[in-house]
Amino acid sequence: MKPLFALAALAAVTLTSPAFANAELAAKKNCMACHAVDKKLVGPAYKEVAAKYAGDKTAAAKLADKVIKGGVGTWGQIPMPANNVTPDEAKTLVAWVLSQK
C-alpha cells in the first residue's frame with residue numbers, strides 16, 4: 001500500500017509544481033494558441049526560445065517586455081501581438097519558457 005501512497009504524493013507534487021502551473025498560465029493567457037513547447041506553430045517552440053537565449057543574462061527582462069508589448073523580427077516577420085498579462089505574469093511565463101530543455 002505504501003507504493004500507492006508514494007505514487008499519489010508524487011502525482012500531487014507534479015501537478016502542483018511551478019512547471020505545471022506555468023504551463024497552465026501559458027494556456028490561460030492564450031500563449032499556446034501560437035506556441036508549443038517542442039514544435040513551431042505560428043511562433044517558435046519554447047525549447048527553441050530557451051536554446052536561443054541560453055546564457056543571455058538579459059534575456060528574461062527583454063522577453064518579458066516583448067510578451068507585454070509584442071514584437072516582430074526576431075523569429076521572422078509574423079508579429080507577436082501584445083499580451084494582456086501583468087509584469088509578474090510575464091516574468092513567470094518567461095522564466096518557464098527559458099527553463100524548457
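## Salt bridges in the predicted model

The structure holds three salt bridges, a salt bridge being a side-chain nitrogen of Lys or Arg within 4 Å of a carboxyl oxygen of Asp or Glu. This is a predicted model, in which local features need pLDDT of at least 70 and side-chain atom pairs count only at pLDDT 80 or more, while totals for chains, interfaces and linings use all residues. Residues are numbered from 1 along each chain as its sequence is written, and side-chain values use heavy atoms, with hydrogens and water left out.

## K29 and E89

K29 forms a salt bridge with E89, with 3.4 Å between the closest N and O atoms. Because K29 lies in the loop between α2 (18-28) and α3 (46-53) whereas E89 belongs to helix α5 (residues 87-98), the pair ties together parts that are 60 residues apart in sequence. Helices here are DSSP runs (H or I, at least four residues), numbered from the N terminus.

E89 is buried, its relative accessible area being 19%; buried means under 20% relative accessible area, exposed over 50%, and partly exposed in between, with a 1.4 Å probe and protein chains only.

## K62 and D56

A salt bridge also joins the side chains of K62 and D56, at 2.9 Å from N to O. K62 is partly exposed, with a relative accessible area of 43%, and D56 is partly exposed at 28%.

## K69 and D65

The side chains of K69 and D65 meet in a salt bridge of 3.2 Å, N to O. These residues, K69 and D65, are four residues apart in helix α4 (residues 59-69), so about one helical turn separates them. K69 is exposed, with a relative accessible area of 59%, whereas D65 counts as partly exposed at 35% relative accessibility.

Definitions and conventions: Helix = DSSP H or I, 4+ residues; strand = E, 2+ residues; numbered from the N terminus.
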